[in-house]
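Here are my comments on the model. Please keep the sequence and the 3D view open while you read them.

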Amino acid sequence: MNDLSQLQIQAEAELADANDDAALEAWRIKYLSRKGLVSQAVGRIGSLPPEERAAYGQAVNAMKQTVQAAFEARSQELIDASLAAELTAEGIDVTLPGRRPQVGRLHPISRTLRNIYDIFGQMGFQIYTARDVETDLVNFQLLNFPKGHPAREMQDTFHTTVEDVLLRTHTSPGQIRAMREYYPEPIRVILPGKCYRYEQVTARSEMMFYQVEGLAVGRNITFADLKGTLVAFANQMFGQGRKLRFRCSHFPFTEPSAEVDIDCIICGGSGCRVCKYTGWLEILGCGMVHPNVLRNGGYDPEIYSGYAFGMGPERIAILIHGIDDIRYFYSNDVRLLTQFA
Ligand code: DAH
């Protein structure tokens, strides 16, 4: 009997030390297999005197059951522990930083356009959208470029297979369309849109680009109104305190005409590479609407006057962001686009 409880104590102690499947199996073979120590103890019944057999039998069976139950419990414990270890190892670390989804954003030219719309919108200008496919008549002739006029040479044209139908080379033909639609009301609109020129693509010119045209027509509109409007625009677009320079120029559809420069936003006027050491940056063309153009739009130039201007948003974005090549805008390189958050 003493040996039995000794055996049980020893078996339980060794079982507690079996920490993996191999140790557990070795323990099982040592104690519970057919030739194991527990089976040997059971087998000893036969060698006992008959009067001791009953008591011994009961005790050895109870010991065997206890040891067997301990083995099963230990097996389960090891299974649970290895499962728990696996779960910890494969678990999700919720404190790790997540993966950032790619977020879309507005193209820098869209942003520039919206900025221009906002500024003129506050001054009461409405947006007028004209067509991209124009006629020679509206794109050129009604704007005072008759066929064969040398000024056409500055606007190399994409023609279509239809005679005298072309892709507009500038937004100015929208002036004619707006006037014919608004007549005889006064007009204050901007006309944004794409323009097309059959040109060599270089760092400074694309064959597709945007323009934003402006047009005001009324009874007492003067060059001073044009100047005031453009100064207000430049101060909002490029920062307060801008200096503007109006240089005499020529466009067939305005008289007088001017080109407008701002003091260089990079060097402030002292001279740098961007302004080619002149201190000035050209930002747009403008003038008083030519009497012929007013007439072609339906407005009598004896009664009405107007001003017009035209600017290139790509050029403005290039100046504001210090971009040195217009081709970046339409080559869809996300490395450029993601820089405009
Ligand atoms: N249409 C001209 C161009 O494409 C730009 C321009 C100049 C528009 C003067 C105007 C203007 O309305 O008054 O080069």
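**Notes on the ligand site and the sheet**

1. Start at Glu213. An N or O atom in the side chain of Glu213 sits 2.6 Å from an oxygen atom of the ligand. The protein covers 90% of the 350 Å² of accessible area that the ligand has on its own. Accessible areas come from the Shrake-Rupley method with a 1.4 Å probe; for residues, only the protein chains shown count as cover.

2. A word on the source. This is a predicted model: local features need pLDDT of at least 70, side-chain atom pairs count only at pLDDT 80 or more, and totals for chains, interfaces and linings use all residues. Residues are numbered from 1 along each chain as its sequence is written, and side-chain values use heavy atoms, with hydrogens and water left out.

3. Two further side chains deserve a look. His170 has a side-chain N or O atom 2.9 Å from a nitrogen atom of the ligand. Gln211 places a polar side-chain atom 2.9 Å from an oxygen atom of the ligand. A polar contact is a pair of N or O atoms within 3.5 Å; within protein, one must be able to donate a hydrogen and the other to accept it, and residues adjacent in sequence count only if both atoms are side-chain atoms.

4. Which residues come nearest to the ligand? They are His170, Ser172, Arg197, Gln211 and Glu213, out of 16 residues around the ligand. A residue is near a molecule or strand if one of its heavy atoms lies within 4 Å of it. The shell holds five nonpolar, nine polar and two charged residues. Here Ala, Val, Leu, Ile, Met, Phe, Trp, Tyr, Cys and Pro count as nonpolar, Asp, Glu, Lys and Arg as charged, and the others, Gly among them, as polar.

5. Now the sheet. It is open, with seven strands in the order S1-S4-S5-S9-S8-S7-S6 and mixed pairing. The edge strands are S1 (126–127) and S6 (244–251), and each pairs on one side only. Strands (E, at least two residues) and helices (H or I, at least four) are DSSP runs, numbered from the N terminus. Two strands pair if DSSP finds at least two bridges between them.

6. Look at S9 next. Six of its seven residues are buried, so S9 is largely enclosed by the rest of the structure. Buried means under 20% relative accessible area, exposed over 50%, partly exposed in between (1.4 Å probe, protein chains only). S9 pairs with S5 in the antiparallel sense over seven bridges. Val212 stands opposite Met311 of S9, and Val217 has Gly306 of S9 as its bridge partner. S8 and S9 are also antiparallel, over five bridges. There, Met288 faces Tyr307 of S9.

7. Is Gly214 buried or exposed? Gly214 belongs to strand S5, and at 0% relative accessibility it counts as buried.

8. His290 lies in the loop between S8 and helix H9 (291–296). His290 is buried, at 18% relative accessible area. The side chains of His290 and Asn144 are joined by a polar contact of 3.3 Å.
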